[in-house]
Amino acid sequence: SLYHRYPLPSSDVGHVGAVMHTGQTASEILADADTALREAQRAGANAWRVRSAGAAVSAPRSSSAWRELLERAIQRGHYSLLRQDVVGRDNDTVLHQEVFLRIRDPENINQDIPAALFMPMAGSAGLATRIDRLVIERVLDSFHGAPDATPVAINLSPASLDDDAFTDWLVELLHQRESLAPRIILEFPEYGASGKLESLKALIS
């Protein structure tokens, strides 16, 4: 490996994103390659992703187009949260629910865009923390009038760990909604959080 052949400071060498060329325009290839790179970065250390021409759930977009789409979704509430039960291994008892965020695809009214595709782009556009806030608020709001609601796990962006304004806001929000706070489970991707252990410790404490 590169790590053993060259004196690198870390075994986390880099990420690779590629796309198969099957007749797309140059702008489509670049947009798909950028998406593949963001997916690789989100997957973990030294990950790589190759996207085929038919892999996209929506048309390829440039970074500026993604920013515009995401800002519009945030401002107009063009997003939805889906929940999936997480059950115990030995029985059918529901332990908690996992929440999945999707945004509307303005180019295809019958197709939503999953978070796995747009969150890497949100991170590069500096919008991931704003999206995390929206999700937390909506989940907490859903608990009103349902004191025995099943706990919900929320996947957050590692970028939020480095945002002091976000962590201050989160702590204050959970204090304000103290009775609802035990109903949410905050999760961070292992790879992203492992590089921000001090920030994670500070949030937990």
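Predicted model: local features only at pLDDT ≥ 70, side-chain atom pairs only at ≥ 80, totals over all residues.
Colleague: What makes the pair Phe166 and Trp169 tilted?

Modeller: The ring centres of Phe166 and Trp169 are 5.7 Å apart, which lies within the 6.5 Å cut-off for a pair, and their planes stand at 40°, neither under 30 degrees as stacking would require nor over 60 as edge-to-face would require, so the pair is called tilted. By this rule the count comes to one aromatic pair.

Colleague: How do you know that Phe166 and Trp169 are separated by about one helical turn?

Modeller: Both belong to helix α6, residues 164-176, and because they are three residues apart there, about one turn separates them.

Colleague: Why is Trp169 called buried?

Modeller: Its relative accessible area is 17%, and since buried means under 20%, Trp169 qualifies, as does Phe166 with 0%.

Colleague: What makes Arg177 and Asp141 a salt bridge?

Modeller: The closest N and O atoms of Arg177 and Asp141 are 2.8 Å apart, and because the cut-off is 4 Å, the contact counts as one of the three salt bridges in the structure. Arg177 lies in the loop between α6 and β7, whereas Asp141 lies in helix α5, so the pair ties together parts that are 36 residues apart in sequence.

Note on methods
Residues numbered from 1 in each chain as written. Heavy atoms only, no water. Phe/Tyr/Trp six-rings, centres within 6.5 Å; stacked < 30°, edge-to-face > 60°. Helix = DSSP H or I, 4+ residues; strand = E, 2+ residues; numbered from the N terminus. Buried < 20%, exposed > 50% of the residue type's maximum accessible area, 1.4 Å probe, protein only. Salt bridge = Lys/Arg side-chain N within 4 Å of Asp/Glu carboxyl O.
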